[in-house]
Amino acid sequence: MATFLYELGRFAFRRRHFVALIWVALLTLAGVGAASAPAAGSTSFSIPGTEAQKAFDLLEQRFPGMSADGATGRVVFKAPAGERMTDADNKATVEKTMKELADGSEVTSVADPYQANAVSKDGKVAYVSVKYDVSGMELKDTSRDALEDAAQDARDAGLTVEIGGDALQAGADPGAAGEIVGLALAAVVLVITLGSLVAAGLPLLTAIIGVGIGVSTITALAKALDLGDTTSTLALMIGLAVGIDYALFIVSRYRSELAEGRDREEAVGRAAGTAGSAVVFAGLTVVIALAGLAVVNVPMLTKMGVAAAGTVVVAVLIALTMIPALLGYAGRKVKPAGEKRRKTDAGSSGKPGLGARWASFVVRRPAAVLLLGVAGLGTVAVPASQLEPGLPDDGSQPTSTTQRRAYDLLSEGFGPGFNGPLMIVVDAKGSADPKAAATTVTDDVKGLKDVVTVTPAAFNKAGDTATITVIPASKPSSTQTEDLVHAIRDTGADVKADTDAKVLVTGTTALNIDFSQKLNDALIPYLALVVGLAFLLLIAVFRSILVPLKAALGFLLSVLAALGAVVAVFQWGWLGGLLGVEQTGPIMSMMPIFMVGVVFGLAMDYEVFLVTRMREAYVHGETPGQAVVTGFRHSARVVVAAAVIMIAVFGGFITSSESMIKMIGFGLAIAVFFDAFVVRMAIVPAVLALLGRKAWWLPKWLDRALPNVDVEGEGLRARDGEQPKDPDGDRELVGA
């Protein structure tokens, strides 16, 4: 591996014009494809195998033209103080609004609140339901504008008017302003770490090119592959972070090789062969973790993972080829590592760097550091035990949005459960008396706890399928509503036994509950697959059993602590004002499995970069304690810089107005902080110091069976005639 990447790096350095032209051409091609591609349409949210999805599919078959997934809008009216919505003037305003709405080209129906029982008991609140024949993502801007204009006209007439539903659904706001601040902070860190503007600019330039190719490709394929805005936001988030980090590691190693006295082409080759090998395996762990999201069998999540994994692959390829090419262009503007630091690295009496001093402290007191690190993260992880999964709805929107104000008005007028109605689908095709079966379902559901309203059954033209709407007493994200969904399904099992009619519960609330359950069920198999594959990969990289095991356990600790922090902020509201969290609520149901996937890949980045230098020192004759200090001397500063950059990039997304993006940005930023600064910088060296030579033990039979991936660059040293010490004898002695 190291020898191949060494030759690749030298080739890119020598043929820099050709390599740069290839990447510029790819960026141009992706950009043109994105610009000329048709606009992305609907991003279907399907959850194969769940009851709610089966019900949606059945509705499409039995109620043709119903547009079960069509957008809905709710124009909510509130009368001025002392008036009622049934007053003549207010009623005339509502009727005028209905006429304006009915003129829309994509509108299929507009429900009259005075005929549809859509006026609150106290007469203060009423709503008009608008149904469209396309989904919220496909809705034309003209239709949204018409909806907002009609609402504004009613406001001008003196009513309080807000708009709810998914008809105003817009693309995710990635938090562009915060992302610019994150990139600016990353640039400052790069300048401090690499010592010059030119050297600092290279990782930023290549990361932007890589993200440009990745996101443009996603945009170009969005229509054909049904990709949503969140897909490109995730690719942008992860692509920027790993793109900067991977380039940083190679540029930093290049400067170290220059400091050893090598010429520029040789230094580029060595950097690509050593740091480049670590980049390849770090990238592989990220790709495995992201692509492994396909195990969950939720198409949206699979597409997000695969698209982000593709962006990571681009980042790896750019780091291995374009960085060497740009280093060729930069010439002497990228200088060797500082003279003072070179003397320290060579073992002179100069004052050791902060990384080496910290590692020496940990090696002297490993038990205390390990105990403190584990206890600290364990404490932060405690709130994770109270995690309540769910999906954000309009109730989690900022109070400044019309959707949130409409949600609150409906809760005020009709009760909190009105914002999350349940739809019961009665499939009576196999029943002898469909109407009797539907009546039985209606009567049974009315007797359940937490039910406010049950509408009469509405049959299709064939008379074999009915829909029944149930209004719960509690808000959509509450545990009481979840219990009600399960209670209705239990009742449906009894009805099927008596009448041969199938009873299915669906609607957005039921779909969210099923989605959460599906993700919970998939978490353990996903963990086993991703951690198992990465464990095997790291055994080959480190030639050790205990080092990969320690890496996996450390990751679990950091991700649990990160989930605990997410629960404390977004569910309990701690520091919510500081982070702009206006409304607490359940944690996005995909957050645990998503964080496991992304954070595992990123955590292994730091593990590979940090520990490969320790193993390199150990293989070349140093004691285990000395190897830990040497690894920190060479890698700690760069790993810290990489972590700060990644935290800055992820942290920029906390400014997004989209609650899901905000939560993901915070979760990833805090997870990287815990993993880089507590697990990798404290717990890892403490464990290695306690294990000593046992840390690097590998059974002889397994050592022979594993491929030699040569991450440490042994092949390159052999080319120079160096004969490193082989510690196999020590391993055999320990293992005996």
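Which residue in strand 9 is the bridge partner of Val-426? In this predicted model, the bridge partner of Val-426 is Ala-466. Residues are numbered from 1 along each chain as its sequence is written, and side-chain values use heavy atoms, with hydrogens and water left out. Because the model is predicted, local features need pLDDT of at least 70 and side-chain atom pairs count only at pLDDT 80 or more, while totals for chains, interfaces and linings use all residues.

Helices (H or I, at least four residues) and strands (E, at least two) are DSSP runs, numbered from the N terminus. Two strands pair if DSSP finds at least two bridges between them. Strand 9 spans residues 465–472. Seven of its eight residues are buried (under 20% relative accessible area; exposed is over 50%, partly exposed in between; 1.4 Å probe, protein chains only). Strand 6 (residues 422–427) runs antiparallel to strand 9, and six bridges join the two. Strand 7 also pairs with strand 9 in the antiparallel sense, over three bridges. Here Thr-453 has Ile-471 as its partner in strand 9. Strand 8 (residues 458–459) is joined to strand 9 by two bridges, again antiparallel. Ala-458 stands opposite Thr-467 of strand 9. Five residues lie between the strands in the hairpin of strand 8 and strand 9, where Gly-463 takes a positive phi near 75°.

Most residues other than glycine have a negative phi, and most peptide bonds are trans. Asp-450 is not a glycine, yet has a positive phi of about 75°. This residue lies in the loop between helix 15 (434–446) and strand 7 (451–454). Asp-450 counts as partly exposed because its relative accessibility is 21%. Arg-543 is not a glycine either, and has a positive phi of about 50°. The loop that holds Arg-543 runs between helix 17 (508–542) and helix 18 (546–571). Arg-543 is buried, because its relative accessible area is 10%.

A further four strands form an open sheet in the order 2-3-1-4, with antiparallel pairing. Strand 2 (107–110) and strand 4 (160–165) are the edge strands, each pairing on one side only. Neighbouring strands of this sheet are turned by 20° against each other on average, direction ignored. Angles run from 0 to 180 degrees between N-to-C directions, and axes are lines fitted to C-alpha atoms, for helices over the stretch in contact. Three bridges link strand 2 and strand 3 (residues 125–132) in the antiparallel sense. Val-110 stands opposite Val-130 in strand 3. Helix 5 (residues 141–156) lies across strand 1 (72–78), strand 3 and strand 4, and runs at about 155° to strand 4. Helix 14 (residues 402–414) packs on the sheet too, touching strand 1, strand 3 and strand 4. The direction of helix 14 makes about 100° with that of strand 4.

Helix 1 (residues 2–14) and helix 2 (residues 16–36) pack at about 90°, with axes 5 Å apart. Helix 1 is therefore roughly perpendicular to helix 2 (65 to 115 degrees; under 35 is roughly parallel, over 145 roughly antiparallel, the rest oblique). In contact (heavy atoms within 4.5 Å), Phe-11, Ala-12, Phe-13 and Arg-14 of helix 1 meet Arg-16, Phe-18 and Val-19 of helix 2.

Phe-677 is placed in helix 22 (residues 659–691). Phe-677 counts as partly exposed because its relative accessibility is 27%. Among the residues that Phe-677 touches are Val-640, Ile-647 and Ala-682.

Methods. Lists of a residue's contacts leave out its neighbours within four places in sequence.
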